[in-house]
Amino acid sequence: MQQLHTPHVVVVMGVAGTGKTTIGPLLAARLGVPYAEGDDFHPPANIAKMTAGTPLTDEDRWPWLDAIGGWAHGRAGLGGVVSSSALKRSYRDRLRAAAPDVVFVHLTGSRELIQDRMSHRQGHFMPTALLDSQFATLQPLEPDEAGVAVDVAGTPEEITERAAAALKDLPEPTR
């Protein structure tokens, strides 16, 4: 697998269980850029709420999104990959306000597949019980948003290759 180089800062997005934490590092390695785990930007109060099965509010998410946006801004022109659910357009707008040239890789899949994957993962704070709230909140990428949708069926390597191929078709950042 040939490594690509990209000046894009890519946000790997999607509902819980789509594989953001698996695909993000693989895609970063494929693109030859650093990876940042979006969950690491959450304040402890957010982790506690999600661990207890309580969905986050928009007010809970703003500092988290601002921290991710700050990281993405610092990588502008250099490239990078960061994971973030980025479920709502307003969340993606907030990320773009900090880092205007970010592009999104929206990992998509059936609820059944994602629930099955979530039920088999170990040691993650997000319970399967919150999956319905994730799907209810999800606003897919709109035509005016820079990004691609990538189906999560298949192996992590296959998903990563589909994402890398789709990103090649996006225009270069303006900066």
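Colleague: Are W62 and Y91 buried or exposed?

Modeller: This is a predicted model, where local features need pLDDT of at least 70, side-chain atom pairs count only at pLDDT 80 or more, and totals for chains, interfaces and linings use all residues. Residues are numbered from 1 along each chain as its sequence is written, and side-chain values use heavy atoms, with hydrogens and water left out. Buried means under 20% relative accessible area, exposed over 50% and partly exposed in between, with a 1.4 Å probe and protein chains only. By that rule, W62 and Y91 are both buried.

Colleague: Which helices hold W62 and Y91?

Modeller: Helices are DSSP runs of H or I with at least four residues, strands are E runs of at least two, and both are numbered from the N terminus. The pair ties together parts 29 residues apart in sequence, because W62 sits in α3 (residues 58-74) and Y91 in α4 (residues 89-98).

Colleague: At what angle do α3 and α4 pack?

Modeller: Axes are lines fitted to C-alpha atoms, for helices over the stretch in contact, and angles run from 0 to 180 degrees between N-to-C directions. The axes of α3 and α4 are 8 Å apart, and the packing angle is about 35 degrees.

Colleague: Which residue of β3 stands opposite V12?

Modeller: Two strands pair if DSSP finds at least two bridges between them. Strand β1 (residues 9-13) runs parallel to β3, joined by four bridges. Within β3, the residue opposite V12 is S83.
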